[in-house]
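Reader: I should like to learn how to read a protein model feature by feature. May we begin with the packing of helices?

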Amino acid sequence: GSVAIELWFAAFIDQCCGSGHGSGARTALQAGGFCDAFAPMTENNLFTPISIGDLQLSHRVVMAPLTRMRATVPGNTANEMMAAYYAQRASQGGLIIAEASQVSADGRGAPCTPGSHTPAQVAGWKLVTEAVHAKGGSIYLQLWHMGRLSHSSHQPDGGIPIAPSAVAANVEVTTPDFERVAAPTPRALETDEIPGLIERYVHAARCAMEAGFDGVEIHAANGYLLEQFLQTRTNQRTDDYGGSIENRCRLVLEITQAISAVWGADRVGIRLSPFGIANDSGEDEPMPLYSHLIKELDGFGLAYLHLLEPRASGAGQRDVDHQDVPSAAELFRSMWHGVLIAAGNFNGDSANAMLAKGDADAIAFGRFFISNPDLPERLRQGAALTPYNRATFYSRGPEGYTDYPTMGARVTV
């Protein structure tokens, strides 16, 4: 009789709370700890372990994807210096999302940025993935196409950059010689060219797998090509990829589906920037668009959704802290049932507060990961953070790249 009651009670806990709690309840029952089985769960914090896809991580301090313009050119390949940089920032059980990398030659639009579409690029990235794995870390690669934010000087044939529609961005772009010029008017992608674009994303995802990455992140934020398809200011198409919200989301969803077929959905993440304004982006009414997109993406079983907080939109160019803007994580949490990573102007206290509230499951740090290669440990100890030098974000060479020291140490370049 007592065994039957114990089994019934454990099954009851399983049904109410999930198998994890059920097994804990069963253990507590066997030990006579009835009250322990119903003890309130400890709040999540940055150092609560977490599963992201099939990765078992020991903490929730994620390194955000950061363009640093240190790739070797010609070839746009990762190199030994980049491997050292990522190895410095790798940690046991930690996750790095490597910098945005072009899916194809026509996706390039910034100097000295890496790609993921040639054998040489695969070989370069292997240096990075092996260095990160040697430190016990995991690493995803962010897949990127700049669309209208490119320039003919970056295009393999000197041609016009592609976009959903022929609408120029009201910004300056950077040529391969680091010259700042007005963004050109792009060429509208023909409908029959879209399958080829999707295939370029798939090829880049396959290259990332060959290079040893643990997964890939689809870059659909910050005014780049996929966000250009999402937003009405940049998408004036009249085919199946323009007009309605459903049509404007179609390309992102088709690319997500195609890459998931290669990697498995639990090795694929996606980054969005609702309410963002970077690179002349922005939607007049973001909620209907992003609510539809996130609800559709929720059905894929992706590794994570990565949301950039609106307060930090445009932080790649200058320090910003936009006021009177909503929290993307807070707004969309209820629509997303998987892991949600939030990014944008977090410190240790604000990161832990968001995790405790449940609006996010992990926090991505960018600029402070640049200047603090041991950021997880500093946050764990509550140690002071080294300030970053914005002037070296996009410069060449090791200064401001591999020369930031860890706590109590000097880095030899």
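Author: Two packed helices are described by the angle between their axes and the distance between the axes. In this predicted model, helix α6 (residues 194-210) packs with α8 at an angle of about 35°, and their axes are 9 Å apart. The crossing of these two helices, α6 and α8, is right-handed.

Reader: Which residues of α6 and α8 meet?

Author: From α6 come Ile194, Leu197, Ile198, Tyr201, Val202, Ala205, Arg206, Ala208 and Met209, and they meet Leu251, Glu254, Ile255, Ala258, Ile259, Val262 and Trp263 of α8. Sorted by class, this contact of α6 with α8 holds 14 nonpolar residues, two charged ones and no polar ones.

Reader: At what angle do α8 and α9 pack, and how far apart are their axes?

Author: The angle between α8 and α9 is about 35°, with the axes 10 Å apart. Here too the crossing is described by its hand: α8 passes α9 in a right-handed crossing. On the side of α8 the contact is made by Ile245, Glu246, Arg248, Cys249, Val252, Leu253 and Thr256, and on the side of α9 by Pro288, Leu289, His292, Leu293, Glu296 and Leu297. The classes in the contact of α8 with α9 are eight nonpolar, two polar and three charged residues.

Reader: How is the length of a helix to be judged, and what span should α9 have?

Author: One compares the distance between the end C-alpha atoms with an expected span. Helix α9 (residues 286-298) has 13 residues, so at 1.5 Å a residue it should span 18 Å; its end C-alpha atoms are 18 Å apart, which agrees.

Reader: Which residues of α9 are buried, and against what do they pack?

Author: Pro286, Leu289, Tyr290, Ser291, Leu293, Ile294 and Leu297 are buried in α9. The partners of these buried residues are α7 (225-230), α8 (245-263), β11 (268-272), β12 (304-308) and α10 (328-332).

Reader: Where is Phe332 placed, and is Phe332 buried or exposed?

Author: Phe332 belongs to helix α10. Its relative accessibility is 0%, and therefore Phe332 counts as buried. Beyond its neighbours within four places in sequence, Phe332 is in contact with Pro274, Phe275, Met287, Tyr290, Ser291, Ile294 and Leu307.

Reader: What does the side chain of Gln228 reach?

Author: Gln228 is found in helix α7, and its side chain reaches the backbone oxygen of Met146 at 3.2 Å. With a relative accessible area of 1%, Gln228 is buried. When residues up to four places away in sequence are not counted, Gln228 touches Met146, Gly147, Arg148, Leu149, Ala163, Pro164, Gly223, Thr234 and Asn235.

Reader: What should one look for in the backbone itself?

Author: Most residues other than glycine have a negative phi, and most peptide bonds are trans. Met69 is not a glycine, yet has a positive phi of about 55°. Met69 lies in the loop between β3 and α4 and, at 9% relative accessibility, counts as buried. Asn222, likewise not a glycine, has a positive phi of about 60°. Asn222 is placed in the loop between β10 (215-220) and α7, and at 14% relative accessibility counts as buried.

Reader: Which residues does a cis peptide bond join?

Author: The cis bond joins Val73 and Pro74, with omega about 0°. Pro74 lies in the loop between β3 (61-63) and α4 (80-89).

Reader: How many helices and strands are there in the chain?

Author: The chain has 13 helices and 14 strands. Of its 413 residues, 55% are buried. Among contacts with a separation of 6 or more, 69% are between residues 24 or more positions apart.

Conventions
Residues are numbered from 1 along each chain as its sequence is written. This is a predicted model: local features need pLDDT of at least 70, side-chain atom pairs count only at pLDDT 80 or more; totals for chains, interfaces and linings use all residues. Side-chain values use heavy atoms; hydrogens and water are left out. Helices (H or I, at least four residues) and strands (E, at least two) are DSSP runs, numbered from the N terminus. The expected span of a helix is 1.5 Å times one less than its number of residues. Buried means under 20% relative accessible area, exposed over 50%, partly exposed in between (1.4 Å probe, protein chains only). Contact means heavy atoms within 4.5 Å. A polar contact is a pair of N or O atoms within 3.5 Å; within protein, one must be able to donate a hydrogen and the other to accept it, and residues adjacent in sequence count only if both atoms are side-chain atoms. Axes are lines fitted to C-alpha atoms, for helices over the stretch in contact, and angles run from 0 to 180 degrees between N-to-C directions. A crossing is left-handed if the near helix is turned anticlockwise from the far one by less than a right angle, and right-handed if clockwise. Ala, Val, Leu, Ile, Met, Phe, Trp, Tyr, Cys and Pro count as nonpolar, Asp, Glu, Lys and Arg as charged, and the others, Gly among them, as polar.
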